[in-house]
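Grab a pencil and work through these exercises one at a time. Try each task yourself before you read its solution.

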Amino acid sequence: MSDIQESSEAQMTPVQRFGEGIADRVERWMPSPFLFAILLTYVAAVIAFLSEGAGATEIALSWYGGFWDLLDFAMQMVLILVTAFVVAYHPWVKGVIDRIVRLPNNGKQAVVVVGVGAMMVGWISWGLGLIFGAILAREMGKYAEQNGMQLHYPLVAVAGYLGMSLTWGWGMSSSAGLLQATEGNVFMEQGVVDTVIPATEWVFHPYPLMLTVLAIVYASICLYLLTPPGEYARGMSQYLSREEMNDGEEESSDDSSADADGDADVAADGGSQQADLADKESPNEGDMRPEEESSAPADKINNSKVIGGVLALTGVALFVRAFFVQGLDALDLNVLNFGFIMVGLILYTSPIDYLEEFYDAVHSSSGIILQFPFYAGIIGIMEGTGLVDTMTEFLLSIATPATFPVIAWITAGILNVFVPSAGGEWTIVGGPMMSAGAELGIPHGQTIAAYGVGDAHTNLLNPFWAIPLLAITGLRARDMFGYAITMMILLTPFLAIALYVVPY
C-alpha cells in the first residue's frame, strides 16, 4: 500500500474503512448477474445433495420441472417494472428529479437525498422506486461532475437501490401482500386462509408504517456515515466517458480504456456502458414513426391523443372507482398493474409514444426476463428435493411469539439469495409461515410485513433486480455491490431489533 493510500485511509472513519474494504474485495470477485444465477443453481444442487441425499437425476429433473413455474408471476413482475420505467422517464418526473439533484451541497448530502428519494418512491412501487432511484443516481452523478462536487458514484447507485432493497417490502407493491389481497389466491384454494388479507393489514397499518419511517431514518444515517471523504470519492467520470454522461453516442470499440474482460462483464451485467439505455433523446431502432410518413392517415391515428386519451381516462376512472367502492382493500396485484398502465398512457396520451417507451423499458429489463426461468429452476430444485421444506420447518420450529417476525425475516432473506422473487418464494413458504404464525398468535399482516423486508434486504447481495439500475447508471455489478453488501450488514442489527421490539 502506498503512502498516499495509507494517508487517505487514516483520514477515514471505521465505518468508511469497513465499506471501502468490502468494496475492494467485491470489485475483484463479484460475477455478473447472469453468472451469479448460474452459480447459485450449482450451489442449490450441492446443498440438496448434501442435506436431502438427492441424486443427480432427481436434482436435474426438479430443476427442469421448475423452470417455467414462475412464468405467470414473472409476467406480472415485468409489467410492474416496465410500466414503472415508462412513468419514471416521463418529462414531468424528469423535471422533479432535476430539482431534487440541486438540493444537496456536498457528497454526503447527495447520497442521503438519493437514498431517501428512492426509499420513499419504492414504498409506492418497487418498480417505480428502482427506476426513479437509478435515474436520480445518474442525474446526481452528472450534476456533481458539472459543479465540481466530490461524489462517490458507486455509493450513490446503492442509495438509488434502497427502495428495492428495504422499503418496498412494507409498501404498496409488496408481492406477498398483493398476492394475499387477490381473490382466489393459491392459499385460499389450498385452505390455508379462508379470505383475502386486505392492504389495511400489511401496508396501511401502524406496524409497517412505523417500520418504514424508522428504516428510512436509520438507512440515511448509515449512508451518511459510509460516504468516504471527498478526496477518496470516485466520481461518475471514473466509470463513464464524457459522451456517456451526456447521453451521447457510444464510445468507439477500440477505446484503449476498455479491455476485453471489462466489456464482457459490462454486457453481462445488463448495464453496458456501450449500450446507453438511458438515452431518451435520440430515436431508437424501434422508432415506428418515420418523419416522411407523418402526414399519412395511419400515422395520424397512431399519434392520436384523442384515441389514447379517452381510453386512458376511462382506465384511470375505473382505477379510482375501485378504491371508492372498496377503500384501501381494493389494492391487489392486478389493480396495481392496471393503474400503472393507465397512468402511463394518460401521461404520454399518444399510443405510439407510449409503445416506444415500452420498447425501451422492455429492452432494459431483458436481463431479468432471461434470468427468471433460471431462478424458477432453483425453486424447482429446492422444492422438488424437499430442501425448502427442511429449511422452513427448522426455522419455524425454533420460533416463539416474540421471535417469529425475526425468524420470518431470516427465512425470506435466505430464500431470496437463491430465488430473488418475493412472490415465487411466498407461494412455497407462505402457507407454512402463515399457519405457524397463526398457531403462535401472529396476525397475518405482521407475518407478511416481516417476510417482505427479509426478501428486500438480501437484494443487496443478489444483483438480479439491480440489472435495470446498472443499465441506467452505466456501472457493473462489482462496481457498486461492495457498498450494497456493506449496507446489508449495517441494516442487519437494526432490522433484527426493530422486528423484535416494534409491536403490531
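**Exercise 1. A charged pair in a helix**

Is aspartate 98 buried or partly exposed? Keep in mind that this is a predicted model. Then look for its salt-bridge partner and say where the two residues sit.

Solution. 
- Step 1: The cut-off for buried is under 20% relative accessible area, and exposed means over 50%. Aspartate 98 has 26% relative accessibility, so it counts as partly exposed.
- Step 2: Aspartate 98 forms a salt bridge with lysine 94, and the closest N and O atoms are 3.1 Å apart.
- Step 3: Both residues belong to helix α6, four residues apart, which is about one turn of the helix.
- Step 4: Lysine 94 has a relative accessible area of 30%, so lysine 94 is partly exposed too.

**Exercise 2. From a pair to a network**

Which glutamate forms a salt bridge with lysine 94? Find out which residues are linked in the network.

Solution. 
- Step 1: Start with the general idea: side chains of opposite charge can pair when their charged atoms come close.
- Step 2: Lysine 94 forms a salt bridge with glutamate 139, with 3.8 Å between the closest N and O atoms.
- Step 3: This pair links distant parts of the chain, since lysine 94 is in helix α6 and glutamate 139 is in helix α8, 45 residues apart.
- Step 4: Glutamate 139 has a relative accessible area of 10%, so it is buried.

**Exercise 3. Checking a helix length**

What span should the 16 residues of helix α19 have, and what is the distance between its end C-alpha atoms?

Solution. 
- Step 1: Multiply 1.5 Å by one less than the number of residues. For the 16 residues of α19 (residues 333-348), the helix should span 22 Å.
- Step 2: The end C-alpha atoms of α19 are 23 Å apart, which agrees.
- Step 3: See what surrounds the helix. The buried residues of α19 pack against several helices, including α18 (305-326) and α20 (351-364).

**Exercise 4. Into the core**

Which residues touch the most other members of the largest nonpolar core?

Solution. 
- Step 1: This core has 160 residues, and Tyr161 and Met487 touch the most other members.
- Step 2: Helix α27 (residues 477-501) gives the most to this core, with 14 residues.
- Step 3: Now list contacts of methionine 487, not counting residues up to four places away in sequence; among them are Val158, Leu162, Ala219 and Leu460.

Note on methods: Residues numbered from 1 in each chain as written. Predicted model: local features only at pLDDT ≥ 70, side-chain atom pairs only at ≥ 80, totals over all residues. Heavy atoms only, no water. Core = buried A, V, L, I, M, F, W, Y, C linked by side-chain atoms within 4.5 Å. Buried < 20%, exposed > 50% of the residue type's maximum accessible area, 1.4 Å probe, protein only. Contact = heavy atoms within 4.5 Å. Salt bridge = Lys/Arg side-chain N within 4 Å of Asp/Glu carboxyl O.
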